[in-house]
Amino acid sequence: MSVRIKCAIAVVGMFATIPQMVRAAEYRVTYSGKITDGSDAGNTFGLFGQNLEGLGLRADLTYTTSVPGTRTSSRTSDEVSGGDAFGTAPVLSSAMFTIGSASFTFSPSYYGDVYTSPDFISAYGYDVLGNSLQTYIVPDSAAPANLQTLFRSTGKGDTGGASTQYSYLVAGNSNIDFNATNVMVAAVPEPATWAMMLAGFTAIGLTLRRRGKRFSPQNGLEALSDKQ
């Protein structure tokens, strides 16, 4: 089999994984905006006693929309709930909040819920220690009634023209309200997808390496000396 054919097969294999990445049921959503109220009473972010209003806040949440047996869908809404309280995998598997250079991470694995409808979009989750979060968006135009459609449609980095948003974080004794003005969504490839892509790159590398060895200058000189 020629080198070109081998490379072509490897490239086709890698690109075949792209639709799987797009259809991934796990999404990493990054919210960024400003704090509107609250206090760092627990000194979670090293800001105890300071006025937090106006400070920048970033929230990185990982949603899993394929939790079995907990989905409620209709023509006008889509909702998935999950976590230890349901005896299922979590809907919100991780949450990291960053203010300045300080971050706080927890797993809302006890209870999680994500919902979309034309009227509003929300996510809520908490762990057994009482750390919790909620995001609530009322879009200017009708939101998709399907969660995967919603995540794909917000991938360009905005809240879909959201006119009202209320979001909060409870981290220990710290209670913070914030308004996110930017939302970025990225599908998280499944491990099998990464493995297929890695195998494709490896195949291309090995093929090109063999080709380079076959036609190396040393081999060319040896062939020339054999003819003489």
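Is Asp60 buried or exposed, and what is its relative accessible area? In this predicted model, Asp60 is buried, with a relative accessible area of 10%. The residue takes part in a salt bridge with Arg58, in which the closest N and O atoms lie 2.9 Å apart.

The structure holds 2 salt bridges, and another pairing is found between Arg71 and Asp78, whose closest N and O atoms are separated by 2.7 Å. Here Arg71 is partly exposed, with a relative accessible area of 34%, whereas Asp78 has a relative accessibility of 1% and therefore counts as buried, the cut-off being under 20%.

With regard to the chain as a whole, 5 helices and 11 strands are present, and 39% of the 228 residues count as buried. Among the contacts between residues at least 6 apart in sequence, 65% join residues that are at least 24 apart. The chain exposes about 12500 Å², of which 57% is supplied by carbon and sulfur atoms.

On the surface, a nonpolar patch is formed by Tyr110, Val128 and Leu129, which together have about 340 Å² of accessible area. Leu129 is placed in the loop between strand 8 (121–126) and strand 9 (132–139), and, because its relative accessible area of 72% is over the 50% cut-off, this leucine is classed as exposed.

Key
Residues numbered from 1 in each chain as written. Predicted model: local features only at pLDDT ≥ 70, side-chain atom pairs only at ≥ 80, totals over all residues. Heavy atoms only, no water. Helix = DSSP H or I, 4+ residues; strand = E, 2+ residues; numbered from the N terminus. Buried < 20%, exposed > 50% of the residue type's maximum accessible area, 1.4 Å probe, protein only. Contact = heavy atoms within 4.5 Å. Areas by Shrake-Rupley, 256 points an atom, 1.4 Å probe, with all protein chains shown as cover. Patch = residues over 30% accessible without salt bridge, like charges linked within 9 Å, V, L, I, M, F, W, Y side chains within 5 Å. Salt bridge = Lys/Arg side-chain N within 4 Å of Asp/Glu carboxyl O.
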